[in-house]
Amino acid sequence: MKKTGIVVAAILIVAVLVGGFYFTVKRSRVPSKSQQQALTEVEKINTKDLERDYPSTPREVVKFYNRIITAYYFEKISDEELKKMTSQAYVLFDAQLQDNNPSEIYLQSVKAEIAEYKSASKTISHADVCDSNDVRYLTDGNDKIAYVKASYFMKEGSDFSRTHEMYILRKDADGFWRILGYYQIEAADNASGNE
């Protein structure tokens, strides 16, 4: 009897130790909610796994892209963080836009624009994307196209302004919406709601 009790006690101790080790390792690999909340916007953008968690709608693609470009001009970021952010933005681009805008040239143009914004004390203070019901879909040959309107509230010194852009997205062969291009909507178009 004594032997059986010792064996059972030893098995229980080993099970508790293995279970405790498992939960300790698992908890250390998964950031807690407080750790996730402690991440800066730049860290949240750069740690988003777009291969596993790509935005599912054209609107969500533009919303994530807006998070990136707002952080470009608002957050203080290192060269390494900027390179990762531009890589994240680049994943959102259609292959045709990537061909016309190689990643290194895109990075350099973002750096130049950030420097221009800083010298003018200019930031994007807020970005909005149209409602899901306002996204326009059409088919062009075999291509599925979506038009998504975004509004930007800019701060330059103590002045504020608002601009609107229309994003054109195309669904790729894998079913993901990618940014094909965008253009600024003129003031007359803004008033009428047309592009």
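Modeller: Start with tyrosine 65. Leaving out residues up to four places away in sequence, tyrosine 65 touches Ala89, Leu92, Phe93, Tyr106, Tyr167, Ile179 and Tyr182. Keep in mind that this is a predicted model.

Biologist: What makes these touches contacts?

Modeller: Contact means heavy atoms within 4.5 Å. Tyrosine 65 touches Ala89, Tyr106 and Tyr182, among others, so these count as its contacts.

Biologist: Which residues touch the most other members of the largest nonpolar core?

Modeller: Tyr65, Tyr72, Leu92, Tyr167 and Ile179 do, in a core of 38 residues. Helices H3, H4, H5 and H7 each give two or more residues to this core, and so do strands S1, S3, S4 and S5. The largest share, 9 residues, comes from H4. A second, separate core has 5 residues, including Ile145, Tyr147, Ile168 and Ile185.

Biologist: Why is tyrosine 152 called buried?

Modeller: Its relative accessible area is 3%. Buried means under 20%, so tyrosine 152 is buried. Tyrosine 152 is found in strand S3.

Biologist: What is tyrosine 152 in contact with, beyond its neighbours within four places in sequence?

Modeller: Its contacts include Asn66, Ile69, His126, Arg162, Glu165 and Tyr167. Tyrosine 152 and valine 129 are 23 residues apart in sequence, and 8.9 Å apart in space, C-alpha to C-alpha.

Biologist: How do you know that S4 and S5 pair?

Modeller: Pairing takes at least two bridges. S4 (residues 159-171) and S5 (residues 177-184) have 7, so they pair, in the antiparallel sense. Methionine 166 stands opposite tyrosine 183 in S5.

Biologist: What lies between S4 and S5 in the hairpin?

Modeller: There are 5 residues between them. Glycine 175 in the turn has a positive phi of about 90°.

Biologist: Now the largest pocket. How many residues line it?

Modeller: The lining has 21 residues. Ile69, Tyr73, Glu113, Glu165 and Tyr182 lie nearest the centre. About 400 Å³ of space lies in this pocket.

Biologist: What makes a residue part of the lining?

Modeller: A lining residue has an atom within 4 Å of a point of the pocket. Glu113 is listed in the lining, so Glu113 has such an atom.

Biologist: Which elements supply the lining of the largest pocket?

Modeller: H4, H7, S1, S3, S4 and S5 each supply at least two residues. H7 gives the largest share, 5 residues. The lining divides into 14 nonpolar, 4 polar and 3 charged residues.

Notes. Residues are numbered from 1 along each chain as its sequence is written. This is a predicted model: local features need pLDDT of at least 70, side-chain atom pairs count only at pLDDT 80 or more; totals for chains, interfaces and linings use all residues. Side-chain values use heavy atoms; hydrogens and water are left out. Helices (H or I, at least four residues) and strands (E, at least two) are DSSP runs, numbered from the N terminus. A nonpolar core is a set of buried Ala, Val, Leu, Ile, Met, Phe, Trp, Tyr and Cys residues joined through side-chain atoms within 4.5 Å. Buried means under 20% relative accessible area, exposed over 50%, partly exposed in between (1.4 Å probe, protein chains only). On a 1 Å grid over the protein atoms alone, a cavity is a set of points where a 1.4 Å probe fits but cannot get out, and a pocket is an open set with protein on both sides within 12 Å along at least five of seven lines; lining residues have an atom within 4 Å of a point. Grid points are joined across faces, edges and corners, and a volume is the space filled by probe spheres set on the points. Ala, Val, Leu, Ile, Met, Phe, Trp, Tyr, Cys and Pro count as nonpolar, Asp, Glu, Lys and Arg as charged, and the others, Gly among them, as polar.
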